[in-house]
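Student: Please take a close look at a single part of this model: the chain that is written first, and where it meets its partner. Give the cut-offs for each term as you go.

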Amino acid sequence: MRREVIAIVLLILLLGILLGNIRYLDNLVEDIEEAVSSSCAAWERGDTQLAVSELETAMERWQSAADYAHIFLRQSEIDAVSEAFFDLSASLRDEEKQSRDDYLRLFYHLDSLERMDALRLSSIF
Amino acid sequence: MIFVRTLILYFSLLMFLRLLGKRQLGEMELSEFLVASLIADLAANPLQDIGMPILNGLIPIVTLFCCELLISSLSMRSIRLRSFLFGKPSMLISHGKIDQKEMSKNRFTLDELMQEMRSQGVRDLAEVEYAFLETNGKLSILLYTSKQPPSAEKMNIPTENIGFPRILVSDGRLIHENLQKSGHDMTWLQRQLSEHGVELAGVFLMTVDDASQVYCVKKELVK
């Protein structure tokens with residue numbers, strides 16, 4: 001009976017970790033997206049300096065979650081988001097017109113992180 | 001997410017394999033077979049792909065073990081659940097007559113039946129009174145009473161119950177627990193060793209049964 005209780009407790013614990021992970025990831029992506037949105041808005045207004053600064057805030061938030069990311073996320077997902085950050089940062093500093101696409105690419109990768117672990121039929125199947 | 005996927009995969013496979021029938025299972029029960037076939041692959045993936053978090057392998061394995069533990073525990077308590085998950089033994093031969101419908105239902109061919117009979121030392125189908133295809137895929141064959149080998153009891157030969165032999169020394173190592181369970185002590189063991197002219201380290205195997213009969217094999221020099 002003790003083993004069965006341990007099995008049930010383990011399953012409940014895993015379910016708890018799963019829900020906790022979803023919540024943490026949601027919050028992380030939300031924080032980053034908020035900063036990236038501010039950066040995008042500033043860039044659209046022509047305030048490149050503020051856009052770069054907001055983007056750096058978003059990057060710092062992403063880098064602060066590096067330990068979590070390496071435990072729970074696939075390396076390919078981490079690389080994709082990091083690359084999108086660096087590309088966007090470079091195009092903002094060079095004041096290139098392709099920044100719009102780079103913003104969209106970063107949003108796409110961030111959304112993808114959230115989508116992959118969300119409790120939705122599309123992510124299960 | 002992987003937790004939910006594992007649960008879905010586990011129960012889907014359980015149902016699929018249940019539908020496949022007991023012939024596919026070999027000697028394992030359904031849920032054991034399922035866990036065994038999944039775990040090797042689950043463990044291999046994060047090992048092969050270092051970009052994949054190891055949790056992606058560990059979480060499904062823990063989930064599967066927990067499910068297996070709960071399923072086997074619940075099935076021990078509930079006959080209905082057991083028969084639902086693992087099925088019931090099928091009687092392929094009853095009163096010496098082959099049940100063709102049951103054979104067909106279990107997709108068990110005559111060749112396989114004859115092969116199983118031969119592997120169990122049965123020459124003639126006419127000797128078999130009952131044959132059951134068990135839930136673990138094994139065939140149990142019961143012979144007619146008149147065809148069964150004679151036992152000491154049937155032949156009225158008195159026998160002595162000597163229990164079973166316990167291993168006391170294995171490859172020079174004493175198994176204290178077995179010595180204690182056999183009701184003997186170190187003094188008795190030392191006496192046995194000196195009677196056999198050997199030291200503990202020189203014993204390959206030593207057993208003792210309930211009638212205190214000792215069987216001793218000395219170590220040989222392996223070149």
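Tutor: What follows goes through the fold, the surface, the contact and the charged pairs in turn.

This is a predicted model, in which local features need pLDDT of at least 70 and side-chain atom pairs count only at pLDDT 80 or more, while totals for chains, interfaces and linings use all residues. Residues are numbered from 1 along each chain as its sequence is written, chains are lettered from A and ligands numbered from 1 in the order in which they are written, and side-chain values use heavy atoms, with hydrogens and water left out.

Along the sequence the pattern of chain A reads α-α-α-α-α-α. Of the 125 residues in chain A, 41% are buried (buried is under 20% relative accessible area, exposed is over 50%, partly exposed is in between, with a 1.4 Å probe and protein chains only). Among contacts in chain A with a separation of 6 or more, 67% join residues 24 or more positions apart (a contact is heavy atoms within 4.5 Å).

The accessible surface of chain A is about 7,400 Å² (Shrake-Rupley method, 1.4 Å probe; for residues, only the protein chains shown count as cover). Carbon and sulfur atoms hold 55% of that surface of chain A. A:Ile6 belongs to helix α1 of chain A, residues 2-44. A:Ile6 counts as partly exposed because its relative accessibility is 47%.

Now the partner. Chain A puts 22 residues into the contact and chain B puts in 18 residues. The area buried between chain A and chain B is about 1,800 Å² (the accessible area, 1.4 Å probe, that two parts lose on being put together, summed over both). Carbon and sulfur atoms give 78% of that buried area. What is the count of salt bridges between chain A and chain B? The count is 0 salt bridges (a side-chain nitrogen of Lys or Arg within 4 Å of a carboxyl oxygen of Asp or Glu). Across the interface of chain A and chain B there is 1 residue pair in polar contact, with both residues at pLDDT 80 or more (a pair of N or O atoms within 3.5 Å; within protein, one must be able to donate a hydrogen and the other to accept it, and residues adjacent in sequence count only if both atoms are side-chain atoms).

On the side of chain A that touches chain B, at least two residues each come from α1, α3 (66-72), α5 (99-117) and α6 (121-124) of chain A. The largest share of that side, 9 residues, is supplied by α1(A). From chain B, B:Leu55 touches A:Ile71 and A:Phe72, and also B:Pro60, leaving aside residues up to four places away in sequence. B:Leu55 sits in helix α3 of chain B, residues 55-77. With a relative accessibility of 23%, B:Leu55 counts as partly exposed.

That leaves the charged pairs. Over all chains the structure holds 7 salt bridges. In one of them, the side chains of A:Arg74 and A:Glu77 meet at 3.1 Å, N to O. A:Arg74 is partly exposed at 32% relative accessible area, whereas A:Glu77 is buried at 13%.

A:Arg105 and A:Asp102 also meet in a salt bridge through their side chains, at 4.0 Å, N to O. Both A:Arg105 and A:Asp102 lie in helix α5 of chain A, 3 residues apart, or about one turn of the helix. A:Asp102 counts as buried because its relative accessibility is 6%, while A:Arg105 is partly exposed at 29% relative accessible area. A:Asp87 joins A:Asp102 and A:Arg105 in a network of salt bridges.

Notes:
Helix = DSSP H or I, 4+ residues; strand = E, 2+ residues; numbered from the N terminus.
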